[in-house]
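Please take me through this model in the viewer, one selection at a time, and tell me what is to be found at each stop.

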Amino acid sequence: MSSKLEVLTPANSQLIFIDQQPQMAFGVQSIDRQVLKNNVVGLAKAAKVFNIPTTITTVETGSFSGHTYPELLAVFPENDILERTSMNSWDDQNVRDALAKNAANGRKKIVVSGLWTEVCNTTFALSCMHDTDYEIYMVADASGGTSADAHKYAMDRMVQAGVIPVTWQQVLLEWQRDWAHKETYNAVTTLVKEHSGAYGMGIDYAVTMVHNGDERVRHGKTIGPNPAK
């Protein structure tokens, strides 16, 4: 049986963020950049919930790329940042070592979120798979390219080479798998409320309007209606 038929689990996965930096995001045209950041941070929080080992790597931070989003770093305040010169993260030995350490513990499914899809993500994915037996799961909506075509054709190229395309919420729910897993239930639903748009709004609505639960936030009194005379 192909190992690609095995779903992502908290035990078989690791995560890498590649070049989630301002100057790289400035060039993204394939996805709204605020949506991109939301998805990146949502994915990071998902990894935190499930204790997924996470590597953060950056390129040319001081010269032009800028620092990793503070919202991402706030999720992993203890993580080292692996700085590179090469656009291809696989060219850096520190990155290889970090991934190998986790792979040695059975985490050979590498979930990837990076900028840009057509350069840093593609070269990393192809080189990594060429040299190892790791599997690459490319998070399409937590990555971005310099145009819609650049992103699309990079994703197509990677898929043709065996990369598995996923979305950030798909990864989150694959890790959760069963709502009977109560140890992560509350954290996952809280994350969904904050980062999953209409899905999160729906959960808020169901909790308060269907199940008569409390609202998530405290607020002032509800006053009115008071029709004007």
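Begin by selecting Tyr 205, Met 209 and Val 210, which together make a nonpolar surface patch of about 350 Å² in what is a predicted model.

Is Gln 176 buried or exposed? With a relative accessibility of 1%, Gln 176 counts as buried, since the cut-off for that class is under 20%. To see what surrounds the residue, display Phe 50, His 181, Thr 184, Tyr 185 and Val 188, each of which Gln 176 touches when residues up to four places away in sequence are left out of the count.

Now select strand 2, residues 54–59, together with strand 3: the two pair in the parallel sense over 4 bridges. Val 59 can be found opposite Arg 84 of strand 3. Strand 3 itself covers residues 81–84, with Leu 82 and Arg 84 on a covered face, whereas Ile 81 and Glu 83 lie on an uncovered one. In a regular strand, side chains alternate between the two faces of the sheet.

Finish at Asp 156 in helix 7, residues 148–161, where a relative accessible area of 30% makes this residue partly exposed. A distance drawn from Asp 156 to Ala 98, C-alpha to C-alpha, comes to 27 Å, for two residues that are 58 residues apart in sequence.

Technical notes
Residues numbered from 1 in each chain as written. Predicted model: local features only at pLDDT ≥ 70, side-chain atom pairs only at ≥ 80, totals over all residues. Heavy atoms only, no water. Buried < 20%, exposed > 50% of the residue type's maximum accessible area, 1.4 Å probe, protein only. Contact = heavy atoms within 4.5 Å. Pairing = 2+ DSSP bridges. Patch = residues over 30% accessible without salt bridge, like charges linked within 9 Å, V, L, I, M, F, W, Y side chains within 5 Å. Areas by Shrake-Rupley, 256 points an atom, 1.4 Å probe, with all protein chains shown as cover. Salt bridge = Lys/Arg side-chain N within 4 Å of Asp/Glu carboxyl O.
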